Amino acid sequence: MDNPSIITQVTNPKEEEILSCTQDKVSQCNISLKKQRSRSIFSTLFCCFRDYNVEPPSTNSTSALPPLVEENGGLQKGDQMQVMPIPSDIILSAKLYIQRRTELQPPAKYLLPELTASDYGKKCVVIDLDETLVHSSFKPISNADFIVPVEIDGTIHQVYVLKRPHVDEFLQRMGELFECVLFTASLAKYADPVADLLDRWGVFRARLFRESCVFHRGNYVKDLSRLGRELSKVIIVDNSPASYIFHPENAVPVQSWFDDMTDTELLDLIPFFEGLSKEEEVYSMLHKLCNR
């Protein structure tokens with residue numbers, strides 16, 4: 001295959017220099033879930049946005065392995081809590097894109113099948129894979145939970161996968177409360193076998209991969225309006241704000257995770273989602289989350 005990476009990830013600050021964020025795009029936002037943690041200082045969520053006017057990835061690269069840098073910038077961890085909201089010009093661009101697409105294109109087939117009887121009345125939770133539930137690398141990891149063989153240009157390469165702490169408890173509880181959908185900008189040839197190993201309980205009712213994303217201004221965007229579900233009952237859990245720029249009001253942001261085995265992000269989210277599952281719609285509770 002040509003250059004496009006099979007795995008969408010943000011840069012691991014332990015392996016590469018963290019991309020700098022421009023000061024004019026940074027603002028403070030305390031997230032109430034973090035207040036539950038017994039830490040002397042808050043952890044940081046940095047959002048590093050790439051240039052939203054870049055061209056699609058080149059297909060002429062001769063690199064032996066696809067780069068492990070996410071097309072969409074993610075939320076990074078640091079010493080002090082900061083969440084960078086999506087810049088207003090980017091949100092406007094996304095809204096204009098959706099409006100124009102609606103006007104110029106007939107309604108496309110929805111990405112998800114009809115609701116099953118067992119999920120009737122449940123809200124839909126869209127969950128990202130890389131740096132949200134797992135971290136993967138072509139570099140050997142001594143404590144990898146999974147090693148997944150992936151064929152690239154006729155050669156088998158080993159992908160080493162680490163599970164985020166408490167991912168098992170998180171997925172099992174989400175499967176009880178919601179209709180859960182895996183939505184990743186990675187390619188299916190990598191993400192599908194990882195999901196097979198990760199989801200031992202059949203939590204994910206559907207799996208969506210890169211081809212289900214919209215490539216908009218240099219980023220793979222997960223357009224929630226294409227799912228075929230009522231938007232007021234849809235939540236997306238993702239470490240990359242650029243992935244949900246069309247519907248930021250539906251998002252529960254999480255930190256990008258690489259290898260911190262003391263991380264409790266997913267465990268901390270469970271009580272929040274238990275409460276959210278009982279709400280009539282998602283917007284009021286998500287708004288409170290970002291403004292407390």
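Let me start with the contact between helix 4 and helix 5. Phe272, Gly275 and Leu276 of helix 4 meet Met285, Leu286 and Leu289 of helix 5. Sorted by class, this contact has five nonpolar residues, one polar residue and no charged ones. Bear in mind throughout that this is a predicted model.

Now the geometry of that pair. Two packed helices are described by the angle between their axes and the distance between the axes. Here helix 4, residues 265-276, and helix 5, residues 283-291, pack at an angle of about 150°, and their axes are 10 Å apart. The cut-off for roughly antiparallel is over 145 degrees, so helix 4 counts as roughly antiparallel to helix 5. The crossing of helix 4 past helix 5 is right-handed.

Three strands make up an open sheet, in the order 4-6-5, with antiparallel pairing. Which strands stand at the edges? They are strand 4, residues 134-137, and strand 5, residues 146-152; each has a single partner strand, so one side of each has no neighbour in the sheet. On average, neighbouring strands in this sheet are turned by 30° against each other, direction ignored.

I will take the two pairings in turn. Strand 5 pairs with strand 6, residues 155-163, in the antiparallel sense over seven bridges. Within this pairing, Val150 has His157 of strand 6 as its bridge partner, and Ile152 has Thr155 of strand 6. The hairpin of strand 5 and strand 6 has two residues between the strands, and Asp153 takes a positive phi near 55° there.

One of the partners to look at is Val161 in strand 6, which is bridged to Ser136.

What packs on this sheet? Helix 3, residues 188-198, does, and it touches strand 4, strand 5 and strand 6. The direction of helix 3 makes about 160° with that of strand 5.

Last, a single residue, Asp119. Asp119 sits in the loop between helix 1, residues 88-104, and strand 3, residues 124-127. Is Asp119 buried or exposed? The relative accessible area of Asp119 is 2%, and the cut-off for buried is under 20%, so Asp119 is buried. Leaving aside residues up to four places away in sequence, Asp119 touches Phe178, Glu179 and Arg205.

Key
Residues numbered from 1 in each chain as written. Predicted model: local features only at pLDDT ≥ 70, side-chain atom pairs only at ≥ 80, totals over all residues. Heavy atoms only, no water. Pairing = 2+ DSSP bridges. Helix = DSSP H or I, 4+ residues; strand = E, 2+ residues; numbered from the N terminus. Axes fitted to C-alpha atoms, helices over the stretch in contact; angles between N-to-C directions. Contact = heavy atoms within 4.5 Å. Buried < 20%, exposed > 50% of the residue type's maximum accessible area, 1.4 Å probe, protein only. Parallel < 35°, antiparallel > 145°, perpendicular 65-115°, else oblique. Left-handed = near helix turned anticlockwise from the far one by under 90°. Nonpolar A, V, L, I, M, F, W, Y, C, P; charged D, E, K, R; others polar.
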